[in-house]
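Subject: Structure handover

Hi,

Here is the structure I promised to pass on.

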Amino acid sequence: MSRLIPLIAFLVLVGLFGFGIWWNTQHDQHEIVSPLIDKPAPAFALPTLADPGHTVDKASLMGRPYFLNVFASWCIECVHEHPQLLGEMKQLGLPLVGMNYKDDPQEAIAWLREHGNPFDTIVTDRDGRAGIDFGVYGAPETFLIDARGVIRYKHVGPITPEVIDGEIRPALAALAKERS
Amino acid sequence: MIPELGQFALILALLLALAQGVLPIVGAWRGNGALMAVARPAAAGQAVFVFGAMAILIHAFLAFDFSVAYVADNSNLALPWYYRITAVWGAHEGSMLLWVFILNVWSLALAAFSRHLPEPFVSRVLGVLGLIGVGFLAFILFTSNPFLRELPMPADGGDLNPVLQDPGMTFHPPVLYMGYVGFSVAFAFSIAALLGGELEQAWVRWARPWTNIAWAFLTMGIVAGSWWAYAELGWGGWWFWDPVENASFMPWLVGVALIHAQAVTEKRGSLPAWTVLLSLFAFSLSLLGTFLVRSGVLTSVHAFASDPRRGLYILGFLIVVIGGSLLLYAIRAPKVATGKPFAALSRETGIMVANLLFTTAAAMVLLGTLFPLIGDAFNLGRVSVGPPYFGFLFVLLMAPAVLLLPFGPYLRWGHAEGRHLTAMALRAGVAAIVCAIAAMWFVDGKLRAIAGVAGAVWVGAGTLAYVVKRWREMPAGRRYPAEMAGMLVAHAGIAIFLIGVMLSESLSTERDVRLAPGQTETVGRLQFRFEGVRETAGPNWQADEGVVVVLRDGDTIATLHPQKRTYSRGQVQSESSIDPGLFRDIYVALGEPMDAAHAEGAWAVRLYHKPFVRWIWLGGLFMMLGGFLAAGERRFRAKKAPAAAVAKESVA
């Protein structure tokens with residue numbers, strides 16, 4: 001009987017590990033809930049990419065919901081999400097604001113010329129300070145900000161068709177329901 | 001085309017592993033010589049294809065073949081060639097391939113150096129190794145294929161995790177895996193013995209050198225990992241009780257118990273069932289380590305992959321390998337368990353007590369590592385078990401081991417006499433007390449440092465006294481056989497390690513300061529002058545590099561260049577700068593600039609003065625050396641133990 005003890009102890013461990021795997025399928029460990037969700041977006045006033053003399057601030061964008069997409073020419077994943085920005089995201093009918101993050105403006109312009117420009121407005125965050133205020137881990141990231149300037153949704157990483165259908169559309173639907 | 005050849009090679013390796021795993025075991029069971037003869041050629045063939053696959057993956061990295069998804073994810077055009085090679089095992093798929101690669105190194109070595117062993121036994125051992133190979137190769141092919149293509153091919157790749165871009169990391173994983181995977185040999189020996197019902201204990205003698213070498217590699221791997229954490233993570237710590245560190249530490253602790261238990265079983269025939277069980281445990285914990293790191297069940301700074309499908313596969317594999325072997329043990333162990341009795345005061349008892357301490361310590365680490373999971377399971381909320389738990393319990397368990405260690409060599413097999421022990425205890429005890437009193441002046445009464453000196457001298461003097469005793473009593477040439485020399489060197493390593501841990505932990509000074517260019521900070525007798533920050537660049541990073549001049553009594557003793565690197569994909573990595581020394585390290589790490597827009601201004605800088613920290617790794621290296629030395633023992637290579645030698649050993 002005593003020779004079975006190691007086996008029994010191991011089976012208990014197996015039960016624990018099985019539970020661990022099950023638990024992890026229920027909980028996404030990479031999902032770091034942003035403390036900024038449902039909080040007012042941090043104030044910013046940033047120069048635009050097209051005309052560095054002209055600045056756009058948070059107040060001027062308020063009044064209707066918009067997407068804020070953090071991108072950079074050095075960011076490889078940004079290339080992957082770009083077709084979605086040009087396609088489905090544009091069709092959602094909300095203004096798309098680009099935040100050019102820690103980037104050289106000339107390279108950013110060249111990059112947009114090459115890949116196409118989906119953005120209605122582009123602000124530049126050269127030193128990444130606005131990025132810090134927004135809690136940006138790294139490009140690409142996308143925020144949905146409502147008409148009152150409150151962050152309603154955040155996605156870290158490239159936008160895929162699955163993300164649009166599974167997360168962004170429901171978030172927009174929730175917004176629309178609130179307004180009606 | 002070439003990457004497809006790699007995948008094809010893996011498929012062929014899997015088929016050969018299957019042949020190696022099944023046919024020889026059936027042959028040994030049926031007494032069929034032809035089937036048994038399959039073992040060696042199959043092992044060689046599997047190795048050829050696995051080595052080929054490895055070479056192809058390395059080639060893909062060197063040739064910037066970004067059409068291979070794994071290459072594109074873990075390297076880019078700017079990554080220097082040496083880090084492109086280490087990128088091979090920088091993430092999940094490649095490290096699994098490395099695992100199989102090293103398994104094949106061990107199988108090949110075993111196939112080559114086992115001509116003196118009985119054919120059925122070798123067939124079973126190679127068969128078990130083949131089955132392990134099947135498990136891992138299937139895992140790679142079905143869930144973690146490193147040769148998967150990504151189309152269209154990206155123009156440039158991602159980056160190797162910057163934390164891994166460090167010289168220490170280049171050889172840490174292969175060495176660690178040499179240890180982990182090496183325990184598969186001791187495991188295979190035990191399974192072969194259980195299957196064959198080997199009544200004589202000869203197999204333990206054959207297993208000993210393999211176990212010692214595996215353990216020595218594991219020691220080296222852990223030392224390298226600890227050194228890497230110290231140099232790279234920038235916190236000046238050398239051990240964090242992180243789940244991944246624990247994963248390598250548990251097999252090490254059980255390995256310590258195992259190499260001692262094997263000595264008892266080989267020489268005295270006692271505790272055979274315990275030795276079998278320990279070799280099952282050691283390899284099980286190695287597999288468990290792989291599982292914990294790879295399945296994403298526990299998250300840690302090191303965890304690269306978390307894919308539930310992989311987790312499930314590894315869990316199934318664990319059930320088959322560990323569950324199966326423990327079941328086999330439960331059924332067959334009574335056949336091999338014919339322990340010889342021994343007196344209460346004997347070397348057997350000493351080793352058994354040490355064994356219990358080490359296995360309990362391993363169980364304690366396992367419990368602490370898994371506790372967050374238990375917390376989830378029983379809804380206790382997010383529990384985290386940290387250094388206070390490990391530090392306290394580990395010291396509590398190891399203190400008696402340190403106290404008993406010098407007695408070990410003086411204890412006779414079977415029945416020991418007390419008077420040798422009291423003589424040794426008297427000498428070592430007096431030496432320890434004298435040194436501890438002397439140390440009081442140097443460590444300003446810090447209790448931990450004094451205890452460290454006393455413990456280290458106790459172990460060191462006791463070991464040295466035995467060296468002297470052997471020198472006096474034995475004729476030249478017979479004084480220090482390899483096995484004994486290894487034991488003495490490893491035990492001396494414990495003394496060195498104790499000095500390192502206790503003195504560096506209690507005497508270190510750490511300072512987090514704000515320094516403007518030209519400003520000086522005094523730490524003890526050292527002055528650190530911050531000269532400001534300049535910009536510098538490497539092949540795939542840009543950095544702010546601080547210049548810190550270290551002065552002692554006004555003389556410059558070192559100029560350090562800590563960096564804050566930004567890698568091409570935007571990851572930021574702090575690179576500490578160390579002025580190493582046998583008696584102290586000076587360690588400087590760059591924090592953040594006080595004003596992000598003005599890198600030329602003041603910075604947060606971390607300054608450390610760490611006395612004797614290097615002795616930690618030096619002690620580890622001594623233990624490793626001891627393991628390798630002991631493996632060279634000539635007796636292990638003999639087919640039959642000469643009866644005279646056994647009789648003599650029992651008197652020694």
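Let me start with a question: in which loop of chain B is L271(B) found? Before the answer, please keep in mind that this is a predicted model. L271(B) sits in the loop between α10 (243–268) and α11 (272–295) of chain B. L271(B) has 23 other C-beta atoms within 10 Å, so it counts as buried.

K102(A), in the loop between β4 and α4 (105–115) of chain A, is a residue other than glycine with a positive phi near 45 degrees. Is K102(A) buried or exposed? The cut-off for buried is 20 or more other C-beta atoms within 10 Å, and K102(A) counts as buried because it has 20 C-beta neighbours inside 10 Å. The other spot is D444(B), which comes just after α15(B) and takes a positive phi of about 35 degrees.

Now chain B as a whole. It has 19 helices and 10 strands, and its C-alpha atoms fill a box of roughly 80 × 70 × 55 Å along the principal axes. For 652 residues, a compact globule would have a radius of gyration near 26 Å, and chain B has 26 Å, so the two agree. Of its 652 residues, 52% count as buried. Looking at contacts in chain B with a separation of 6 or more, 74% come from residues 24 or more positions apart.

In soluble globular proteins, nonpolar side chains tend to be buried together. The largest core here has 209 residues, and A186(B) and L253(B) have the most contacts inside it. Helix α9 (residues 202–232) of chain B gives the most to this core, with 19 residues. What does L253(B) touch, not counting residues up to four places away in sequence? The list is F358(B), A361(B), A362(B) and V365(B). Another core, of 33 residues, lies apart from the largest one and includes A41(A), L49(A), I76(A) and F119(A).

Leaving aside its neighbours within four places in sequence, I76(A) is in contact with P154(B), D156(B) and G158(B).

Strand β4 (residues 96–101) of chain A pairs with β5(A) in the parallel sense over five bridges. M99(A) has V123(A) in β5(A) as its bridge partner.

Chain B has an antiparallel counterpart for you to browse. Four strands of chain B form an open sheet in the order β1-β10-β9-β8, with antiparallel pairing. Its edge strands, each pairing on one side only, are β1 (509–515) and β8 (577–579). On average, neighbouring strands of this sheet are turned by 20 degrees against each other, direction ignored. Strand β10 (residues 603–611) pairs with β1(B) over seven bridges, where T509(B) is partnered by H609(B) and L515(B) stands opposite W603(B). Strand β9 (residues 584–593) pairs with β10(B) over eight bridges, and there the bridge partner of V588(B) is L607(B). Seven of the nine residues of β10(B) are buried, so this strand is largely enclosed by the rest of the structure.

Last, helix α15 (residues 418–442) of chain B. At 1.5 Å a residue, its 25 residues should span 36 Å, and its end C-alpha atoms are 36 Å apart, so the geometry agrees. Which residues of α15(B) are buried? Among them are M424(B), A428(B), A432(B), A436(B) and A439(B). The cover over the buried residues of α15(B) includes α16 (447–473) of chain B.

Cheers

Conventions: Residues numbered from 1 in each chain as written. Chains lettered and ligands numbered in written order. Contact = placed C-beta atoms within 7 Å. Pairing = 2+ DSSP bridges. Helix = DSSP H or I, 4+ residues; strand = E, 2+ residues; numbered from the N terminus. Axes fitted to C-alpha atoms, helices over the stretch in contact; angles between N-to-C directions. Rg over C-alpha atoms; globule rule 2.2 N^0.38 Å. Buried ≥ 20, exposed ≤ 12 C-beta atoms within 10 Å, placed from the backbone. Core = buried A, V, L, I, M, F, W, Y, C linked by C-beta atoms within 7 Å. Expected span 1.5 Å × (residues − 1).
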